[in-house]
Amino acid sequence: MIYAEITGWGRCLPPAVLANRDIETIMDTSDEWITTRSGIRERRISHVPNAALGEVAALRALAAAGVDARDVELIAYATTTPDEVVPNTGSIVQNRIGAVHAGVLDLNAACSGFLYAFNMVSDMIRMGSIRTALVIGSERLSSLMNWSRRESAILFGDGAGAVVLQASARESGFFAGKLGCVPGTRELLAIPDFGLDAIAQFRPLDISIDFSGPEIFKHAVKGMGDACEAVLAQSDTRLDQLDLIIPHQANVRIVEAVVRRLGADMDKVVLTLARYANTSTSTIPIALCEALEEGRVQPGMTILFTAFGAGLTWGASLLKWGDRTSPLGLSDAELPPCEQTGLELVQAAIARRAHQQPAS
Ligand code: UT7
């Protein structure tokens with residue numbers, strides 16, 4: 001039997017912080033509203049493209065696994081904010097890190113993207129078709145944000161996370177998964193002018209997120225709740241055997257509702273929402289890295305991932321952690337320095353949008 005074990009992990013959060021108080025200065029909202037409705041206090045704003053975040057997270061994950069980039073056979077790059085569509089953004093990272101023997105794909109399942117990629121790549125390793133893979137979630141959502149839309153602009157942030165998956169004879173890694181997409185809900189969370197349809201119809205570039213927060217909220221609780229129950233049942237895992245829950249981080253009230261529905265304990269949940277907000281597909285690998293650094297992951301633990309996103313996609317994965325909880329090595333990969341504050345970066349984006357200038 002071949003298992004697909006997580007042997008390396010890394011994250012990359014851009015340094016510029018945008019606090020709720022900063023957002024108060026650019027739109028009609030308040031720190032109090034954002035904190036009580038979502039649990040978010042601040043988020044990061046990237047001064048570099050998506051692939052730069054993904055590259056640093058990937059190099060850190062490879063160092064933690066002690067794996068040479070030339071031994072990677074597949075890079076699954078989950079993102080909703082690709083720098084380029086053709087060729088894919090994952091291949092920018094492939095070239096920069098020197099993963100010369102890897103196949104590369106971008107995968108878009110919105111905020112569930114990392115989880116989708118994790119389940120699929122784990123299954124490829126378990127089937128024996130590959131032995132070593134990088135699964136990366138990377139987002140630069142701030143570049144899509146319309147800062148005049150307070151219902152969505154307050155929720156998101158930028159960042160990347162990555163894991164190295166390796167074939168192992170030890171009973172570890174992914175052992176149950178469930179993926180889904182709620183029919184008839186595409187319009188609840190959509191960016192209508194971000195694709196060829198808009199270009200073909202010569203619509204002016206006016207990117208905004210169409211967003212029905214309360215409706216998404218209900219589907220998120222149901223989707224993640226159903227997915228979690230499915231993977232627990234599939235694998236005959238009792239709730240008391242679950243050691244850690246790493247959910248997609250969109251809203252602390254959504255997480256609480258899912259955990260309540262499962263009958264689990266919030267003490268088992270990893271939350272990073274207050275500091276990084278919703279980094280879409282990156283929330284799970286970022287939270288996993290933080291849990292490892294904080295010593296919350298112990299050898300042999302049973303861990304549940306669950307996510308939902310535009311589509312509306314949803315899913316869950318159940319995995320058993322291996323023996324090692326500390327990195328084999330550390331990478332010296334860093335982003336270039338950022339001279340601007342989060343607020344200055346956002347103000348520059350608002351000014352560019354007003355003049356319809358392309359971003360640098
Ligand atoms: O990962 C996938 C993407 N994430 C999501 O899709 C998140 C899912 N939804 C949510 O997290 C929540 O629905 C929100 C945090 C977006 C909103 O919370 P809510 O409790 O569902 O609030 P609401 O949308 O029902 O709005 C309540 C009120 C409204 O005012 P009225 O109509 O009651 O007078 C809104 O206009 O809050 C107002 N409001 C705001 N006020 C201050 C909406 N956004 C803001 C804001 N600041 N930023």
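Me: Where does D236 lie?

Reply: D236 is in the loop between α8 and β11 (244-247). Keep in mind that this is a predicted model.

Me: Why is D236 called exposed?

Reply: Exposed takes a relative accessible area over 50%. D236 comes in at 68%, so it counts as exposed.

Me: Which value does phi of S280 take?

Reply: Phi of S280 is near 55° too, again positive in a residue other than glycine. You'll find S280 in the loop between α10 (273-276) and α11 (283-293).

Me: Is S280 buried or exposed, and how do you know?

Reply: The cut-off for buried is under 20%. S280 has 2% relative accessibility, so it goes down as buried.

Me: On to E5. Where is the place of E5?

Reply: E5 sits in strand β1, which runs over residues 3-12.

Me: Why does E5 count as buried?

Reply: Because its relative accessibility is 5%, and anything under 20% is called buried.

Me: Which residues does E5 touch, leaving out those up to four places away in sequence?

Reply: Among them are V164, L165, Q166, S168, R170 and S172, and also G322 and D323.

Me: What makes the E5 and S172 side chains a polar contact?

Reply: The distance is part of it: polar contacts need N or O atoms within 3.5 Å, and the side chains of S172 and E5 make theirs at 3.0 Å.

Me: Where does S172 lie, and why is S172 called buried?

Reply: S172 belongs to the loop between β7 (158-168) and β8 (173-181). Its relative accessible area is 2%, so S172 is buried, the limit being under 20%. Setting aside residues up to four places away in sequence, S172 touches Y3, A4, E5, K320, W321 and G322.

Me: Now the ligand. How many residues surround the ligand, and which are the closest?

Reply: There are 22 residues around the ligand, and T29, R37, H248, N251 and N278 are the closest.

Me: Which helices each supply at least two residues of the shell around the ligand?

Reply: Those are α2 (31-38), α6 (150-153), α8 (213-234) and α9 (252-262). The largest share comes from α8, with 3 residues.

Me: Which pocket is the space taken by the ligand?

Reply: The ligand takes up the second largest pocket.

Me: Last one: which residues does a cis peptide bond join?

Reply: One joins V86 and P87, with omega about -10°; P87 is in the loop between β4 (74-78) and α4 (90-97). Another joins G311 and L312, with omega about -5°, and L312 is in the loop between β12 (302-309) and β13 (313-320).

Methods: Residues are numbered from 1 along each chain as its sequence is written. This is a predicted model: local features need pLDDT of at least 70, side-chain atom pairs count only at pLDDT 80 or more; totals for chains, interfaces and linings use all residues. Side-chain values use heavy atoms; hydrogens and water are left out. Helices (H or I, at least four residues) and strands (E, at least two) are DSSP runs, numbered from the N terminus. Buried means under 20% relative accessible area, exposed over 50%, partly exposed in between (1.4 Å probe, protein chains only). Contact means heavy atoms within 4.5 Å. A residue is near a molecule or strand if one of its heavy atoms lies within 4 Å of it. On a 1 Å grid over the protein atoms alone, a cavity is a set of points where a 1.4 Å probe fits but cannot get out, and a pocket is an open set with protein on both sides within 12 Å along at least five of seven lines; lining residues have an atom within 4 Å of a point. A molecule sits in a cavity or pocket if more than half of its atoms lie within 2 Å of its grid points. A polar contact is a pair of N or O atoms within 3.5 Å; within protein, one must be able to donate a hydrogen and the other to accept it, and residues adjacent in sequence count only if both atoms are side-chain atoms.
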